[in-house]
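User: I would like to learn how to read a few features of a protein model. Can we go through them one at a time?
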Amino acid sequence: MASANIKQALHHLADVLPDDATWKDVAYEAYVRQELEAGLAGARRGEFADAVDVKNTFARWGVQVEG
């Protein structure tokens, strides 16, 4: 992300966080945004898990997937 876009995102974050937000809240929101952007970039590159991988992962977590 370009520096100007980061600054704009920080300004937006400051506007939407509650007045009693902490630095921990700021760090968490920044981390979540960074991870989402990384995931979207991977998706744009075609880096997806196939259905079998997803079902196997859910099975390890004890979640039954139909279909």
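User: Which element gives the most to the lining of the largest pocket?

Analyst: First, the ground rules. This is a predicted model, where local features need pLDDT of at least 70, side-chain atom pairs count only at pLDDT 80 or more, and totals for chains, interfaces and linings use all residues. Residues are numbered from 1 along each chain as its sequence is written, and side-chain values use heavy atoms, with hydrogens and water left out.

Now the general idea. Rolling a probe the size of a water molecule over the atoms shows where empty space is left. A pocket is an open set of points on a 1 Å grid over the protein atoms alone, with protein on both sides within 12 Å along at least five of seven lines; lining residues have an atom within 4 Å of a point. Here, α1 gives the most to the lining of the largest pocket, with six residues. Helices are DSSP runs of H or I, at least four residues, numbered from the N terminus.

User: What is the volume of the largest pocket, and which residues lie nearest its centre?

Analyst: The largest pocket holds about 310 Å³ of space. Twelve residues line it, and Ala9, Leu13, Glu29, Ala30 and Arg33 lie nearest the centre. The elements giving two or more residues to this lining are α1 (3-16) and α2 (23-44).

User: Which side chain does Arg33 meet in a salt bridge?

Analyst: A salt bridge is a side-chain nitrogen of Lys or Arg within 4 Å of a carboxyl oxygen of Asp or Glu. The structure holds two. In one, Arg33 meets Glu37 at 2.8 Å, N to O. Arg33 and Glu37 are four residues apart in helix α2, so about one helical turn separates them.

The other joins Glu47 and Arg45, with the closest N and O atoms 2.9 Å apart. Both Glu47 and Arg45 are exposed; that means over 50% relative accessible area, with buried under 20% and partly exposed in between (1.4 Å probe, protein chains only). Arg33, at 39%, counts as partly exposed.

User: How many aromatic pairs does a search of the whole structure find?

Analyst: A pair of aromatic rings is described by the distance of the centres and the angle of the planes. Rings of Phe, Tyr and Trp (its six-membered ring) pair if their centres lie within 6.5 Å; planes under 30 degrees apart are stacked, over 60 edge-to-face, the rest tilted. The search finds one pair. The rings of Phe58 and Trp61 have centres 5.6 Å apart and planes at 50 degrees, so the pair is tilted.

User: Is Trp61 buried or exposed?

Analyst: Trp61 is exposed, with a relative accessible area of 62%. Phe58, found in helix α3 (residues 51-60), is partly exposed at 30%.

Notes
1 Å grid on protein atoms, 1.4 Å probe; cavity = no way out; pocket = protein on both sides within 12 Å on 5 of 7 lines; lining within 4 Å. Points joined across faces, edges and corners; volume = space filled by probe spheres on them.
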